[in-house]
Amino acid sequence: MPPPLLRRQLLSWQERLLAHQAPLFARAASGSAAALATGARQGVLFAAADTAVAAGGEAAAIELASRLNPLELRAQSLAFWRWPSAPQQGAAIYLVLDRPADSASPLLLYVGETGCADRRWKGDHDCKHYLAAYSEALGLAELSTSLSIRFWCDVPSDSRGRRRLEQILIRHWLPPFNKETRERWATPFTADPG
């Protein structure tokens with residue numbers, strides 16, 4: 001068993017991630033404010049996802065992903081899947097965030113897609129193992145976590161369109177628990193549950 005990560009190592013890892021993502025969150029928030037000021041509504045922004053992605057408009061999908069503000073999506077407990085009835089159904093892009101205690105900006109840890117939002121986290125999922133290891137490491141270092149999951153349900157029902165949008169979001173946000181970006185962040189948490 002490897003030695004526990006030191007507090008300074010964890011804080012340094014979070015700071016590197018924040019350096020990339022904090023400007024994106026700020027840009028998304030200012031873009032949302034500008035859209036609201038001009039009369040645009042969140043539903044209009046999300047409705048554009050299906051049209052842009054389904055039509056194969058990569059540039060439009062990239063623009064949409066860059067304007068998505070994850071903080072406008074309703075935060076839910078990671079145990080949402082244990083509720084008697086899930087608040088979301090069907091196709092979705094989901095985002096897992098943490099809000100470090102002393103940070104002005106959250107961390108976007110994972111982006112995923114599913115055709116069954118109410119069932120995706122039932123059972124085994126690598127991200128659940130990463131989050132458990134992350135929470136344990138922070139707890140041992142006496143750092144707190146405030147984890148949440150958010151669902152964007154107005155996405156293409158077609159899996160290819162959802163995957164394209166998921167990949168665009170991963171390239172934009174570079175979440176550290178997605179397999180495409182783990183090496184970039186030298187993610188120190190293991191998905192090995194044992």
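This is a predicted model: local features need pLDDT of at least 70, side-chain atom pairs count only at pLDDT 80 or more; totals for chains, interfaces and linings use all residues.
1. Overall layout. The protein chain has six helices and three strands. Read from the N terminus, the order of elements is α-α-α-β-β-α-β-α-α. Of the 194 residues in the protein chain, 45% are buried. The points below give specific cases.

2. D98 sits in strand β1, which spans residues 92-98. D98 is buried, yet it has no salt bridge. The nearest side chain of opposite charge belongs to R99, and it is 7.9 Å away. A salt bridge would need a Lys or Arg side-chain nitrogen within 4 Å of the carboxyl oxygen. What does the side chain of D98 reach instead? It reaches the backbone nitrogen of S146, at 2.6 Å.

3. Surroundings of D98. Neighbours within four places in sequence are left aside here. D98 is then in contact with Q14, P106, L107, L109, Y134, L138, T145, S146 and L147. Two of these names, Q14 and Y134, come up again below.

4. Q14 is located in helix α1, residues 7-37. Its relative accessible area is 6%, so Q14 counts as buried. The side chain of Q14 makes a polar contact with the side chain of Y134, at 3.0 Å. Leaving out neighbours within four places in sequence, Q14 is in contact with D98, P100, L107, Y134 and L138.

5. Aromatic pairs around F177. The structure holds seven aromatic pairs. One of them is Y130 with F177, which is stacked: 5.3 Å centre to centre, with 25° between the planes. This pair links distant parts of the chain. Y130 is in helix α4 (residues 126-140), while F177 is in the loop between α5 (159-173) and α6 (182-185), 47 residues apart. Y130 and F177 are both buried. F177 also pairs with Y134, edge-to-face, at 5.7 Å centre to centre and 75° between the planes. Why does the pair of Y134 and F177 tie together parts that are 43 residues apart in sequence? Because Y134 lies in helix α4 and F177 in the loop between α5 and α6. Y134 is buried, as is F177.

6. The cluster as a whole. W13, Y130, Y134 and F177 form one aromatic cluster.

7. The C-alpha atoms of Q21 and P106 are 8.2 Å apart, although the two residues are separated by 85 residues along the chain. Not counting residues up to four places away in sequence, Q21 touches P106, L107, L108, W173, L174 and P175.

8. A charge over a ring. R184 lies over the face of W185. The distance from the ring centre is 4.8 Å.

Notes. Residues are numbered from 1 along each chain as its sequence is written. Side-chain values use heavy atoms; hydrogens and water are left out. Helices (H or I, at least four residues) and strands (E, at least two) are DSSP runs, numbered from the N terminus. Buried means under 20% relative accessible area, exposed over 50%, partly exposed in between (1.4 Å probe, protein chains only). Lys and Arg count as positive and Asp and Glu as negative; His and the chain ends are not counted. A polar contact is a pair of N or O atoms within 3.5 Å; within protein, one must be able to donate a hydrogen and the other to accept it, and residues adjacent in sequence count only if both atoms are side-chain atoms. Contact means heavy atoms within 4.5 Å. Rings of Phe, Tyr and Trp (its six-membered ring) pair if their centres lie within 6.5 Å; planes under 30 degrees apart count as stacked, over 60 as edge-to-face and the rest as tilted. A charge sits over a ring if NZ of Lys or CZ of Arg is within 6 Å of the ring centre and within 35 degrees of the ring normal.
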